[in-house]
Amino acid sequence: MTASRLEGVFPILVTPFDEKGGIDEDSLARLVEFNIAAGVHGLGVAIGSEMFKLSEAERAQVTRRVIETVNKRVPVVINTGAGGTDLAVSYSRSAEEAGADALMIMPPAFLPAGPAEVIDYFRAISAAVRIPIFLQDTPAAPIPPGLARRIAEACEQVRYIKVETLPVVQKVAEMAAAAGDALTIFGGAGGSYFIEELRRGSRGTMPFCSQPEAFVGVWRLYEKGDQHGARALFDSAIMPVNRLAVQGGDIFYHVHKQLLVRRGIIRSAKVRSPTVPIDAITQREIDELLANLPVVAGH
């Protein structure tokens, strides 16, 4: 599954909850099938899955159900980062044993760690597993391009990086120049700069999972050389959702989950506490947006 280079559209799955706040496994399975039917190239479980709000048992439950439902049809990437090296190694081994195809890990962010400590952290994880690792560069734990290359050179399994530090487009270009062949670059941050990132050296994106057919359509058009068509599809189908979803706080969870409910994929749009409350005006804006989104045909 991971012998060839990973690239393309790897949506990060939301975790559907029932009205009592428990994990809705049936909705999660439908969400996986919905994304695979759209032609995605892989799937991920990460911050966008509210993983940081899950108990240890729930984390294992979501990982297991996603991997079992996917059943090796596409690669599955599991976020296994932690505040301590031993805990990150434990999460990583457990994900590999459950059948994950790759891992995604950000540097420790709770307490500051210098470059040497960050390299040691990734070296320990890399030595403990046999599957590829994505570095995750985020505003909370940025990875400078030079350090990213040093980590890749020191760690056999580190082969990818997901870039999310602002300004994202500039960071992708800088990362591509510094990393060379050492790292394959993916974009993130909801996929808002997907086309700009592709132009600067990225080979994929990890957006939310509510519009997989639109992202796959953009990828296919871009790969065929039709940048005009890719831009038109992106601007009509994806940008209105992303524009509303990035207003602040964690409104993006509400927007994407409501879109998935509207599409009949998950049963509830519940977001676990703490979460930003959605006021009446914002809810009306979400309703208007979802009612007017274009239907995306296959490309």
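Predicted model: local features only at pLDDT ≥ 70, side-chain atom pairs only at ≥ 80, totals over all residues.

Start by selecting Leu293 and showing what surrounds it. Leaving aside residues up to four places away in sequence, Leu293 touches Gln211, Ala237, Val241 and Leu259, where contact means heavy atoms within 4.5 Å. You'll find Leu293 in the segment after helix 11 (280-291); helices here are DSSP runs of H or I with at least four residues, strands are runs of E with at least two, and both are numbered from the N terminus. Is Leu293 buried or exposed? Leu293 is buried, at 19% relative accessible area; the cut-offs are under 20% for buried, over 50% for exposed and partly exposed in between, with a 1.4 Å probe and protein chains only.

Residues are numbered from 1 along each chain as its sequence is written, and side-chain values use heavy atoms, with hydrogens and water left out.

**Next stop: helices 8 and 9**

Select residues 212-223 (helix 8) and 227-245 (helix 9): they pack at an angle of about 165 degrees, with axes 8 Å apart. That makes helix 8 roughly antiparallel to helix 9, because angles over 145 degrees get that label, with under 35 roughly parallel, 65 to 115 roughly perpendicular and the rest oblique. The axes are lines fitted to C-alpha atoms over the stretch in contact, and angles run from 0 to 180 degrees between N-to-C directions. The contact residues divide into 10 nonpolar, three polar and no charged. In that count, Ala, Val, Leu, Ile, Met, Phe, Trp, Tyr, Cys and Pro are nonpolar, Asp, Glu, Lys and Arg are charged, and the others, Gly among them, are polar.

**Then helices 4 and 5**

Pick residues 115-128 (helix 4) and 145-154 (helix 5), which pack at about 40 degrees with their axes 9 Å apart. Pro115, Val118, Ile119, Phe122 and Arg123 of helix 4 meet Leu147, Arg150, Ile151 and Ala154 of helix 5. The tally for this contact is seven nonpolar, no polar and two charged.

How many salt bridges does a search of the whole structure find? It finds 21, a salt bridge being a side-chain nitrogen of Lys or Arg within 4 Å of a carboxyl oxygen of Asp or Glu.

- Arg231 and Glu196: their closest N and O atoms are 2.8 Å apart. Arg231 lies in helix 9 and Glu196 in helix 7 (residues 194-199), so the pair ties together parts 35 residues apart in sequence. Glu196 is buried, at 18% relative accessibility.
- Lys72 and Asp101: here the N to O distance is 3.1 Å. Lys72 is partly exposed at 48%, whereas Asp101 is buried at 5%.
- Arg64 and Glu68: the closest N and O atoms are 3.4 Å apart. The two are four residues apart in helix 2 (residues 56-70), which means about one helical turn separates them.

Finish by selecting Arg5, Glu7, Arg203 and Glu223, which are linked in a network of salt bridges.
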